[in-house]
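Thanks for coming, everyone. Please bring the model up on your screens, and I'll walk through it.

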Amino acid sequence: MRRSDNVEDRRGMGGRAMIFGGGGIGTIILIIILALMGVDPRQLLQSGPSGGGGGPPAQVSPEDQELADMVTAVLGDTEDVWNQLFRQMGREYQEPKLVLFSGQVQSGCGFASAQTGPFYCPADQKLYIDLSFYRLLRQRFKAPGDFAQAYVIAHEVGHHVQNLLGTMEMMQRARSQLSESEYNQLSVRLELQADFYAGIWAHYTQKHRNTIESGDLEEALRAASAIGDDNIQKQQQGYVVPDSFTHGTGEQRVRWFRKGYETGDLRQGDTFKSDGL
Ligand SMILES: [Zn+2]
């Protein structure tokens, strides 16, 4: 597979790790997410990156190098797919950057730590991921495999597509006219559409490369869906949505992903109009 040129490697540049040092709403969200995942947040204090103190740059293990290579390949593949689909719409796809970081990072949407999980920042059009997230995914969900790892990237790219297509702007405009719970419903739809777009990517990558085994799909998706993402984005936009982490949404996520995967048809992905999510 082709490797993307759009990866910014900022690993080892984060300085001291600030584990739960920030306090505030981000920490609260994180603790809720971890509690839902059944993780004792104190575990992170023991296994967190660089353990505090501005020590030497992190050593990159062969395992992390392999993950970085996988991420770069998946990003390259999403570029191929979305470039083609945007061309078919008569538009031009602007490829997003992906930032690999360790410990903490400064994004266009504010400061983030590894515990935030992967996220997309609409302001700078970049995806951010600390590869230690994949360790968490694997430990918690017993090696869900390559596909779950690729899905994480494809979902964040899905948010980028929403940004390019004006969906995020539409959300912002609607916000002042809606109650908080109505708005939360909308943000669930935003998440489901990102899953649909991830499914669209999977459809075309499967068509071109035949790398996905059908049995992988549900297991990988369930694992990925149990993990909240986009917390930074939610803080930035002022919506904190426990809905997208609650029981039951996993089913919806699988369904919308599957719809994208099976149809490959962008027109099927209007989660905002659909009655039955
Ligand atoms: Zn998301």
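Helices and strands here are DSSP runs, numbered from the N terminus: H or I over at least four residues for helices, E over at least two for strands. This is a predicted model, so to say: local features need pLDDT of at least 70, side-chain atom pairs count only at pLDDT 80 or more, and totals for chains, interfaces and linings use all residues. Residues are numbered from 1 along each chain as its sequence is written, and side-chain values use heavy atoms, with hydrogens and water left out.

Start with R10. R10 sits in strand β1, residues 7–10. Contact means heavy atoms within 4.5 Å. Leaving aside residues up to four places away in sequence, R10 touches V99, L100, F101, S102, V105, Q106, K126 and Y128. Take V105: 95 residues separate R10 and V105 along the chain, yet their C-alpha atoms are 8.2 Å apart.

Next, confidence. pLDDT is the predictor's confidence in each residue, from 0 to 100. The protein averages 77, and 70% of its residues reach 70 or more. Strand β2, residues 97–101, has the highest mean, 96. Helix α2, residues 42–47, has the lowest, 40. Across residues 40–56 pLDDT is below 50, and this stretch has 22 contacts in the model beyond near neighbours in sequence. Residues 228–248 also stay under 50, with 63 contacts beyond four places in sequence.

Now a helix pair. How do α3 and α5 cross? The axes of α3 (residues 62–88) and α5 (residues 146–164) come within 10 Å and cross at roughly 40 degrees. Those axes are lines fitted to C-alpha atoms over the stretch in contact, with angles from 0 to 180 degrees between N-to-C directions. From α3, the contact includes L67, V71, W82 and F86; from α5, it includes Q149, I153 and L164. The contact residues divide into 12 nonpolar, 2 polar and no charged. Nonpolar means Ala, Val, Leu, Ile, Met, Phe, Trp, Tyr, Cys and Pro; charged means Asp, Glu, Lys and Arg; the others, Gly among them, are polar.

Last, the second largest pocket. Helix α3 gives the largest share, 8 residues. By class, the lining has 9 nonpolar, 3 polar and 9 charged residues.
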